[in-house]
Amino acid sequence: MNLNQSAPPVPPFGQPQPAYLGHHQSSYGGQPGSTTAPTSYGAYNGPVPGYQQTPPPGVSRAPPSSGAPPASTAQGPCGQTAYGQFGQGDVQNGPSSTVQMQRLPGYQPFGSAILAPVVSQPAVLQPYGPPPTSAQVTAQLAGMQISGAVAPASPPSGLGYGPPTSLASASGSFPNSGLYGSYPQGQAPPLGQPQGHPGAQPPQRSVPLQASSFTPPASGGPRMPSMTGPLLPGQSFGGPPVSQPNHVSSPAPQVLPPGTQMTGPPGPPPPPMHSSQQPGYQLQQNGSYGPTRGPQSNYGSPYPGAAAFGSQPGPPQPLPPKRLDPDAIPSPIQVIEDDRNNRGSEPFVTGVRGQVPPLVTTNFLVKDQGNASPRYIRCTSYNIPCTSDMAKQAQVPLAAVIKPLARLPPEEASPYVVDHGESGPLRCNRCKAYMCPFMQFVEGGRRFQCCFCSCINDVPPQYFQHLDHTGKRVDAYDRPELSLGSYEFLATVDYCKNNKFPSPPAFIFMIDVSYNAIRSGLVRLLCEELKSLLDFLPSWVVEKVATVGNNVTFYREGGAEESAVRVGFVTYNKVLHFYNVKSSLAQPQMMVVSDVGDMFVPLLDGFLVNVNESQAVITSLLDQIPEMFADTRETETVFAPVIQAGMEALKAAECAGKLFLFHTSLPIAEAPGKLKNRDDRKLINTDKEKTLFQPQTGAYQTLAKECVAQGCCVDLFLFPNQYVDVATLSVVPQLTGGSVYKYACFQVENDQERFLSDLRRDVQKVVGFDAVMRVRTSTGIRAVDFFGAFYMSNTTDVELAGLDGDKTVTVEFKHDDRLNEESGALLQCALLYTSCAGQRRLRIHNLALNCCTQLADLYRNCETDTLINYMAKFAYRGVLNSPVKTVRDTLITQCAQILACYRKNCASPSSAGQLILPECMKLLPVYLNCVLKSDVLQPGAEVTTDDRAYVRQLVTSMDVAETNVFFYPRLLPLVRLSAGTKSPIENTTEPPAVRASEERLSNGDIYLLENGLNLFLWVGASVQQGVVQSLFGVSSFSQITSGLSVLPVLDNLLSKKVRGLIDSLRAQRSRYMKLIVVKQEDKLATLFKHFLVEDKSLSGGASYVDFLCHMHKEIRQLLS
Ligand SMILES: [Zn+2]
């Protein structure tokens, strides 16, 4: 990099404006005039100067192609997207407004106006019966298995499911779950005869209640009596069942849980809804939905049949089986669609304090006008209670999910880099907060008052500037640190370790060459790939943008130069082999270190080299490694000494860096960090279950601490054939900010595409090394707890040996004083790090939040997706120390307290039988249920101990978008993609999702399901033959190969679109999702059902409906 290079004259903050055409969002292109930039923002936010495609700054170079597997090559875009630096940005920038509404039969489109983001609008579940008796409650609980620890191997009888799926192979050697590892074809376990799907169509309902959170309030007539349905085994209702004619023709009647019954009246089909006009909804916008009042005329007629509700003539009729209509409870899909429709077309401008951003599932552009983009920081609430008493009452966790180095979509520019020269960035003398837009300049500009601690500081002469009549510095808009939410400073030598500017980091590749690694083909594949991949090491340079004022220079990331990253190579089994790849050598030289108990690095000169200079020697080494160990019989490996060696090498070279470890087995060879097989599934649901998540020795924590001190980040690629103790092996990656990848039963032919995609992405990731993150807050709140992949040696500094653009740190705040409504609350996240080019920098993110004295304001400004991110991380950490059941119960209780507090303080008085949910939190129950029944908290029989530890570790550093889709997978119907569709859909356009329930599957359709880690293509048994032919190239359903992982490349529109969609989904995620084709009713269908999270799970997890009823009961108990 070259900071002094000349740059084309660019006006200060000539911020590259969004290239809307590059954005798969057609509506942008059609609204060139829609910019909302206030004129006062002049140079920053002037009119968008054009919609032409602009190359993304700092975009990575093209991918190497030599190593691409045939499938990848054939699929074209797949290989490309795997390399995209900004792939993940697509999560937020995929299509939205072009999405066409689709509903399954019986699933009426919901008017968009209903969906207006009226944040204060509560969701109400209205019962038509008296509160349940205690007997009812008990019965309900028994039927739902909510809070009890449930034996994983006892599927509910009578559901027609097969026996619990034990995916263990017959030999018992390795139970491959297929969920987190690969799913070897043909190795699926014998599963019970799968149950037939409940038909091609969702159950027909004569009254398709809308998929909203609302139900019709009972009108003035006689209230509906309580209804009962067939009782679940062991369930009985306390009250006399009263019934009425059934209007629901569901083929599988379910119990209508007490307290939340819903039904429509008998009679003629409902009139068509006019839900696009919702004036009547205004009644509900004040947080009260009203009790079971009289007819609400301005309710409009959104609920067919509602009007007839109160006018039901005569005494109650005997009640046929009823069910709680899933369409009548809050739908994640509807909420996502509404937000896309309402907020996807306008940029999110960050100038206003306390604004709730669009959902993570919505595409939107961000314009920084003083607060950090939601891509960097999302909060559980954007309006914080003024007092700790209020906060305790509400029980809403106050947390921020921070992704300091988040990658941005191409349309958004990376933060400016400001160079203040030798004086360094300006900070508050007392609290050390960095200069930001919220600092108040006083005394004509000679001093400034810190917005965090109120300290008055002098303005250094070189930073002085006059103020305008409003007290603002006249150069405010010329300086990023005075007008933007996010920016960087070049750090001075004071910010460097040992007061010395850092060297560029190094990457060390450490390859297991034991028998398993050789036999599976891993070593050969990896060496072949590295030959080309090393040409694509990250370079992270900045270009000068402008010089303003007193020699302050601004830079932007951009331009690609040769990477400054050096590389080194180690192979190992029971001993370690170091390689000298100095450019002057004709051949690489190997040095063996067999004393693994006292690891040292046998060579310094020639171990870490520049890739270009040593190209020939490196290539020669990578050619030789597979041959050298081809006949190895060594099965034992060491692990801790490998990390130790890498760390010592970096220490000797006086640089930070990253170790890429490729490891296959439990390290049982005699050496430090030796492990034993301690897997014991019998511990599940006991008080000792937590030990499964704990490391079996403290040696790795000690090692990790040394790594952090050296800025040595460890990325671990695991290729286990059996238990490897992920809980212990992942300790160092976890504490050093690294990543863990796991490929169970790795086979080159089945898994190479996934592994190579992950490897390429991982190696090319831009990483900040040797990083320290500090979150400062204004007086009244402070950061008290942290979740993520990092190390902390004190209570405030988050230490990260490495931090990449995917990693997230979740921070919880607590009050320590009263907050002020007027001044609000401020967060400032400062990340000090070394770039891949070896430059020491500070990245600053600022965010201002509102404060409130009314609880309703808190509930109006919450973000459920972020709450779930926090709650999942809290729970997943909790299992290290507490019984899993305790962790689950804690979550349920907290959720009930949150909702009960709303009900008590914010909703208008109403009958106790109503479940009233705050509009912003109406998905809290469904999402929380997904967390509760996740593999960590309620594992199925097929989930291995390693899988659980792996997922636990993954979730810990996920961002909000990732936890959202991980816990509630996306299910996309595909038949509409077929050629006959009226409006052609672009390859990358996603069809609207449907709810993750078996009931939503039509056997005439094909679906893609993804959760960020897994990708399934589910094929209904009655799919048209033409579709089967187009997609699979075979003539009938029966000829489709179950478990297929690559779709044939066929030259027709449907095939292209589906493959394009798969590529697009993969590009949005940080890890490659291997495809698994599942045929309806075949043996893999059980695996697939695991992801239909609205349904009751085989491991005993409650269905959404049942869980909602349970939450309702909990809330009522709290209120009574
Ligand atoms: Zn201060």
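I counted aromatic pairs first: the structure holds 30 of them. A pair here means rings of Phe, Tyr or Trp (its six-membered ring) with centres within 6.5 Å; planes under 30 degrees apart are stacked, over 60 edge-to-face, the rest tilted.

I looked up Phe348 and Phe364, an edge-to-face pair at 6.2 Å centre to centre with 80° between the planes. The pair links distant parts of the chain, 16 residues apart: Phe348 is in strand β2 (residues 348-349), and Phe364 is in the loop between β2 and β3 (366-367). Strands are DSSP runs of E, at least two residues, numbered from the N terminus. Phe348 and Phe364 are both buried (under 20% relative accessible area, 1.4 Å probe, protein chains only).

The model is predicted, with pLDDT of at least 70 required for local features and 80 or more for side-chain atom pairs, while totals for chains, interfaces and linings use all residues. Residues are numbered from 1 along each chain as its sequence is written, and side-chain values use heavy atoms, leaving out hydrogens and water.

Next I took Phe662 and Phe717: their ring centres are 5.0 Å apart and their planes at 20°, so the pair is stacked. Phe662 belongs to strand β19 (residues 657-663) and Phe717 to strand β20 (residues 712-718), 55 residues apart. Phe662 and Phe717 are buried.

Last, I checked charges over rings (NZ of Lys or CZ of Arg within 6 Å of the ring centre and within 35 degrees of the ring normal). Arg1071 lies over the face of Tyr741, 4.2 Å from the ring centre. The charged end of Lys742 sits over the ring of Tyr950, at 5.5 Å from its centre.

Definitions and conventions. Helices (H or I, at least four residues) and strands (E, at least two) are DSSP runs, numbered from the N terminus. Buried means under 20% relative accessible area, exposed over 50%, partly exposed in between (1.4 Å probe, protein chains only).
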